Every structure is written in structure tokens, then in C-alpha cells.
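Work through the exercises below with the sequence and the structure open beside you. Try each task before reading its solution.

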Amino acid sequence: MLKDITLGQYFPLDSVIHKIDPRFKIMFTLCYIVLIFFASSPAGYLAVGIFSFLVIKLSKVGFKVVLKSLKPLLFILCFTAVINLFFTGGDTILWQWKFLKITTDGIINAANMALRLVFLVVGSSILTYTTSPILLTDGIERLLSPFAKLGLPSHELAMMMTIALRFIPTLLEETEKIIMAQKARGADFESGNLIRRAKALIPVLVPLFISSFRRADELATAMECRCYRGGKGRTSLRQLRVTSLDWIALGVMLIFALVIIFINLGF
Amino acid sequence: MPIIVQNVSYTYGKGSPFEKKALENISFTIDDGDFVALIGHTGSGKSTLIQLFNGLLKPDSGRVIVDGVDLCADKTDMQKVRSCVGIVFQYPEYQLFEETVYKDIAYGPANLGKTSEEIALIIDEVLPLVGLDADVLQKSPFELSGGQKRRVAIAGVLAMQPKVLVLDEPTAGLDPAGRNEILSCIKNLHDKKGTTVILVSHSMEDVANTVDKILVVSDGELLAYDTVANVFKDSTALKNIGLNVPQVTRVVNHLKAKGIDLGDGICTVDAAVDAIVRYMKEGGKC
Ligand SMILES: Nc1ncnc2c1ncn2[C@@H]1O[C@H](COP(=O)(O)OP(=O)(O)OP(=O)(O)O)[C@@H](O)[C@H]1O
Ligand SMILES: [Mg+2]
């Protein structure tokens, strides 16, 4: 169950998508997210679907992994879909029972929301799957650096984001271990009512919090020992360089954006 | 209650790019009252293997049968299996969570449905086994030292009164006195109560001093399952998989190469002393 959460995980593979400059990739992802909300017709979603399919294919991560990233979202997905399905107003009523009614608008809205959520998660997962945490920080930091003059602590922000991302898999692993250990002591997480189940989580949460604080403390000490003192005057060992691949990717992205906009305008 | 492991394989992260084969086609049987060590290099699959014994992990293929109960069957009562097979995990001190040591030790038996009177008796019984004083009971587990935390965690599993006790490197990171205490407590438990014990360890000396039989795993495969003397007979084979024989056996082997033959199968200091005394009596020269 917990192993299904692959958010923030990085898959060190060798693919074109991996090689794209992180700054470009982050911008592309933002662009993609905006475009998802533009594409509100079946043709638009088809275009987004094909594009996402190709990117996943190129990234070599595998569809299974990407589909798995959706699994924890299943509940939210169904929830939003159902809410939209039953509570959207509209004239063409297909089915009605007391205050619940299904309208064509409702169906369209539900499908819209579900598809958007799916693509949203897929897009952002692909970014973290194919970009190492270090490159991701570098990218975020560079992209935020223009705002540094306005007093935005861009380096610190980027560092915080990376550390958070980096520790998601570690925390999950740790949680899994503690769950195993408590199960071996007869803990039962699967039966009983909601209150009992929530109570059963205490033996997992307490050790988890304690180890998180310990980990944070150790990390801070380790960083200090290696003379980390924030972003001031800090240079990178590896400079980000824009290559022809990035320009090609930019071209592809632009074409994709144009296609979506054209579809949206009704050509 | 014998533990029967039949052709078991286990793979982590099946279908992801991180797929990792941890166990491959392992079969063996551990009989009632056995004292078995599980040795292997780091990452060889020891911790994975022991989690099969109480159904925490389900093998991809093959079967694990404990006391005649197939752990892979869907309707197996896991709670019952877990009360029979107690596992002390690697670094068990990280699983402590209660306000007081008493409550933490009581967590396992309470989950098994023991009444508070029974639990009080059990705690009185296990506390001396792990070498703890009664005055730690009302303390918070988090204000204890690392070694004391370890003991509390082990006591927490012993309190479930398992018939099979599995310990994953229980002595890692303890001082020599602490190691010996914990090991002798485990040995006591085995000798007096007849508990079946499976001990994962990286210390060949501890293994040679305490157990009867050894399981050797390497890269997820079972290489040997034999008596201590037989496993430590072949030092080159062990060296090839990143292990070694006990220091005293190495000394005996060196002596043998120099022409002083003390005999085979010497794995403990006591055995070596006896052998040397015998050798001198028989008129051998050093
Ligand atoms: N939760 C997990 N997910 C993925 N792979 C894992 C997981 N746990 C262990 N592994 C892998 O399985 C293999 C066996 O691990 P295991 O923990 O059983 O080794 P071990 O023999 O206990 O090692 P050690 O002596 O260091 O404790 C290792 O290669 C490890 O990387
Ligand atoms: Mg281990």
C-alpha cells in the first residue's frame, strides 16, 4: 500500500527526458499544467493524452509506475468525480432522485475534473521521476533567482523543497518498517471501526515523528559539518548548460501548446 | 512447532525499475527447540527471510509452514501466528512509543488479549531476563540509554511469550558486556524454556559461542545449513561470500599450516584451550 506512493521518487535511467535541462523541464511542467486547463474538449484531452503517452514512453520509466502513482489518488478522484456528477446544475436532466440529479453537464464536468487530476499528477510525477533532486534544486533556484533581488530567499526555498522531496521515499520506507515491527507485536491495523483504526496508528506515528526529528537534527549537523551556510556566495560544481536537445524539446512543447490552443479555439 | 520453508522466492518492488531479487528458491526446516544462526553479508537477504516466518512478507512463490499452518493461505489467523513467532527487528529501539516502559512492554501481550493481571505477571518475568531493573518501568523509554532501550524492545517481544524467537542483530552497537548479557539471556531462554531461537548476527564469535546450527545465505540464496563445526570448516568458501570464520578458528588454522595440528572443528576459545591442553599432554611441542 505505502509502496505505491512514488511521489518525489527519482528513477535514475538514461533517457532523453532525463537529459533535458531541469530549468526547461520545470517550465514545461508548469506550461503543461496550464494547458491541461485549456484543453476542455475531448479532442483537447486526446491531444494531452497522446503527448503524455509519448513523454512517458520516452522517459523509459514505464507505464506501470506512472499508473501506480495514481493509485493513492483514487479516493480523491472518485470523490471529485461523484460530487461533480451529482451536484452540477443543468437543463438536460437524465436521471433524478430527490435532490440528486444527473445532467449531461454533470457528466461532462465529472469527466473533465477526473481527467485533469489524472494528467496533473502524471505530469508532475514525470518531472520528479526523471530529474535528480540535485538538478531539481538547481533548476528551481535558477528559476527563482530573478526574484532574489526582491528579497526572496530563492536558494533556501529550493533547498527546502528538495529536502522535502528527497525525504518522502525515506519516510515511507521508515513507516513501512515501523508498521512491520508493530505488526510483529500483534498490532492490528485492518479491523475495527474508524476510532480503533486511528488509535492503532499511534504506535506508528510516535516513532515516526521521533525519527523524523532525529533525522532532521542529524542532517542539519551533517550539513553544518560540511560548512553549509546558506546560498550566499555558493557556486555549483556542475553548471547547467542549455543544449540543442533543450531547444528541440522547447519546440515540441510549443507545438503542443499551439495544438491545444487551436483545439480550444475550435479549429 | 517446526518452521518449514519450501522453495521460497521474494522480490522487492516487482515491476518497477528498482526491482530487486532478495530471496531465491530457499528451502530448509527448523525443528522444535533448535538454536539456529542466520549469517550472510550485508544485503544478502537475512532481514527479508525472517519476515517470512510470521507472515509479515508473503513469498512470491513457495510456501512457509509454521506449526502445520500455511502462512501463505488467505484465511490464516495472522494474530495467532504472530503470537507464536516473535521477531525482534534490527534496531528495535526505534519502535518504542509509549509513555512508560511498562506500557510499552505491555503493548504486545495486550494486543494478544491478555488481561492486565496476566500482563503484570509476564512483565515481572521478562524484566530480569533482559537484565533490567524494576525501577525503569515507570520511566519514559526515551530517557533511557541506547542499550537500555534495546533491552526494553526485546522485553516487549519476549512478553508475547513466543514459542519461536527471531532476533535480527540484537547485539549490534552494544558494548561487550551488554552483548554478552543479551546473548546469555537468549541462551537461557532457549535452554530453560525450550524456545526455538533464530539469531541473525554478523559476529562469527557470538555465533560459534551460542548456536547449534548455522544457515548461510549469500545474495538471496541458501549456501549451507549445517552444524557450527561443519560450516566453519571451509574458511575459503566463507571468505568468498564476504564472511569469515571465528578468530580462534583462524588461529587454529594458522597453527595447523605451521605443523601444529590441534584437530578440526574448533570454533570457540574454550574448545581451543581444551585442544591445546590435550596437545601438550600428548607431548606435542609449541
Ligand atoms: N523495503 C525494501 N524495498 C526494496 N528493496 C529492499 C527492501 N528491503 C531490502 N531490500 C533489498 O533486499 C536485499 C536484502 O535486504 P535485507 O535487508 O534482507 O538484507 P540483510 O541481509 O538483512 O542485510 P543487513 O546485514 O545489512 O541487515 C538488499 O539488497 C536490499 O537492498
Ligand atoms: Mg538486516
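The model is predicted, so local features need pLDDT of at least 70 and side-chain atom pairs count only at pLDDT 80 or more, while totals for chains, interfaces and linings use all residues. Residues are numbered from 1 along each chain as its sequence is written, chains are lettered from A and ligands numbered from 1 in the order in which they are written, and side-chain values use heavy atoms, with hydrogens and water left out.

**Exercise 1.** Find the protein donors of the magnesium ion (ligand 2).

Solution. 
- Step 1. Donors are N, O and S atoms within 2.8 Å of the metal (3.2 Å for Na, K and Ca); water is not among the atoms, so sites may look incomplete.
- Step 2. OG of B:Ser47 and OE1 of B:Gln90 are the protein donors, at 1.9 to 2.5 Å from the ion.
- Step 3. B:Ser47 belongs to helix 1 (residues 46-50) of chain B, and B:Gln90 to the loop between strand 6 (85-88) and helix 3 (101-111) of that chain, so the pair ties together parts 43 residues apart in sequence. Helices (H or I, at least four residues) and strands (E, at least two) are DSSP runs, numbered from the N terminus.
- Step 4. Buried means under 20% relative accessible area, exposed over 50%, and partly exposed in between (1.4 Å probe, protein chains only). B:Ser47, at 22%, is partly exposed, and B:Gln90, at 32%, is also partly exposed.

**Exercise 2.** Describe the contact between chain B and chain A.

Solution. 
- Step 1. With contact meaning heavy atoms within 4.5 Å, 24 residues of chain B and 23 residues of chain A take part.
- Step 2. A salt bridge is a side-chain nitrogen of Lys or Arg within 4 Å of a carboxyl oxygen of Asp or Glu. The rule finds one across this interface. A:Arg185 and B:Asp104 form a salt bridge, with their closest N and O atoms 2.7 Å apart.
- Step 3. On the side of chain B that touches chain A, helix 3 of chain B gives the largest share, four residues.

**Exercise 3.** Which helices of chain B hold B:Lys193 and B:Glu125?

Solution. 
- Step 1. B:Lys193 and B:Glu125 form a salt bridge, the closest N and O atoms being 3.2 Å apart.
- Step 2. B:Lys193 lies in helix 6 (residues 176-193) and B:Glu125 in helix 4 (residues 116-129), so the pair ties together parts 68 residues apart in sequence.
- Step 3. B:Glu125 is partly exposed, at 37% relative accessibility.
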